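Here's a walk through the model you're about to see, with the cut-offs spelled out as the terms come up. Have a look at it first.

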Amino acid sequence: MNRILCAVLLIWLSETAGAQKSIDLSGRWNLRLDRNYADVEERWFAKTLNDDTIHLPGSMPEKLKGDPVSADTKWTASLYDSSYYFNPYMAKYRVEENFKVPFFLTSDRHYVGVAWYQKEIEIPRSWRGERIVFSMERPHIETTVWINDQEADMQNSLCVLHVYDITQLASSGKCRITVRVDNRIKDIDVGPDSHSITDHTQGNWSSIAGKIELTAIPKTYFEDIQVYPDVTYKKAVARMAVRSLAYKNAPVTITLSAEAFNSPHSHSVAPVLQTIHLSGGEIHTEMELEMGEGMLTWDEFDPALYKLTARLEQGGKSEVKEIRFGMREFTIQGK
């Protein structure tokens, strides 16, 4: 009988912490629906879009934007029982004043296609010389961003934050952010009846449903941090990618510490420090945290988690990130 021993990272979640400079972009945005997909050719990103407004974050159906649902709505899903459309008993549910469908959670509005969102903001002068990042949680599905009339990039993901580095496009003062959201099933095709994109569970909504913000961070920053627990040797290994847009060969100091935060048992891990030199634009490094004899492990009855605090300092500027992780190992038995 073979036994495979696995050390598992339970959670790694990177969050910017500390005295972070950010602007919350929730609130009123201008909205324009693009039913004919003539947007880019007509340079809508270079115009003020004032057809309608919407309060973000939130989905278009939630904000009652889009088309009223009806028997003519083109749903994003397979209809397994088409008798709804001709069964006499269902006739009363096919009329506008009493419209219901038996195969979906029926929303009041429905929209599939391109929608444009636009907001005028003011970027503080104090942000000069910083890296400026525009981020959106839970947009659905594809987004393209313009800063004033310059395109930043396009991103397409159902599960992770859409993050745009707009450092080269944004300057202090007034700034117009335009976001094109397309919820048609194109590059991400997870099947015609996947609940993440279809109307069975109101999955194919359009808009931006989570946090929307603009953040200023130092030009030397953590590109990525991942934590790998080693339960046997009571340590956690933090693997980090550090990037610099300034390309300065000045020393970078990284300090890591960790503390249990959700358990009735307290435990702190002694801080460790490392100094590195960035000779180019990016460097990969790793550091070990000795968890010690008081290490708490995660299980379903006592889900102890640690909060790793990672601080990066260079030239009097610093960035702090928090990573949540758990210590756990399990075995898989086989023949």
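## Ser 207 and its backbone

Let's begin with Ser 207, which sits in strand S16 (strands are DSSP runs of E, at least two residues, and helices are runs of H or I, at least four residues, both numbered from the N terminus). Ser 207 isn't a glycine, yet its phi is positive, about 125°. Most residues other than glycine have a negative phi, and most peptide bonds are trans. Ser 207 is also buried, with a relative accessible area of 0% (buried means under 20%, exposed over 50%, partly exposed in between, using a 1.4 Å probe and protein chains only).

This is a predicted model, so to speak of a local feature takes pLDDT of at least 70 and side-chain atom pairs count only at pLDDT 80 or more, while totals for chains, interfaces and linings use all residues. Residues are numbered from 1 along each chain as its sequence is written, and side-chain values use heavy atoms, leaving out hydrogens and water.

Which strands make up the open sheet of 3 strands? The order is S6-S16-S11, with antiparallel pairing (two strands pair if DSSP finds at least two bridges between them). S6 (58–59) and S11 (139–140) are the edge strands, each with a single partner strand, so one side of each has no neighbour in the sheet.

S6 and S16 (residues 207–208) are joined by 2 bridges in the antiparallel sense, and Ser 207 is the bridge partner of Ser 59.

The peptide bond from Leu 56 to Pro 57 is cis, with omega near 10°; Pro 57 belongs to the loop between S5 and S6. Another cis bond links His 140 to Ile 141, with omega about 0°, and Ile 141 is in the loop between S11 and S12.

Arg 138 is a non-glycine residue with a positive phi, about 55°. Its place is the loop between S10 and S11.

## The whole chain

The chain has 25 strands and 0 helices. Its C-alpha atoms fill a box of roughly 70 × 60 × 35 Å along the principal axes, and 43% of the 335 residues are buried. Of the contacts (heavy atoms within 4.5 Å) between residues at least 6 apart in sequence, 73% join residues at least 24 apart.

## Nonpolar cores

A nonpolar core is a set of buried Ala, Val, Leu, Ile, Met, Phe, Trp, Tyr and Cys residues joined through side-chain atoms within 4.5 Å. The largest one has 30 residues, and those touching the most other members are Leu 25, Trp 29, Tyr 117, Phe 134, Ile 177, Val 179 and Leu 214. Strands that each supply at least two residues of this core include S4 (27–34), S9 (114–123) and S15 (173–182). Apart from it lies another core, of 29 residues, with Phe 222 and Leu 256 among them.

Leaving out residues up to four places away in sequence, Val 179 touches residues including Trp 29, Phe 134, Met 136 and Ile 208.

## One cavity

How many cavities of 30 Å³ or more does the structure hold? There is 1 (on a 1 Å grid over the protein atoms alone, a cavity is a set of points where a 1.4 Å probe fits but cannot get out, and lining residues have an atom within 4 Å of a point). The largest cavity has about 50 Å³ of space (the space filled by probe spheres set on the points, which are joined across faces, edges and corners). Ile 141, from the cis bond with His 140, is one of its lining residues, which also include Glu 142, Asp 182 and Arg 184.

Methods. On a 1 Å grid over the protein atoms alone, a cavity is a set of points where a 1.4 Å probe fits but cannot get out, and a pocket is an open set with protein on both sides within 12 Å along at least five of seven lines; lining residues have an atom within 4 Å of a point.
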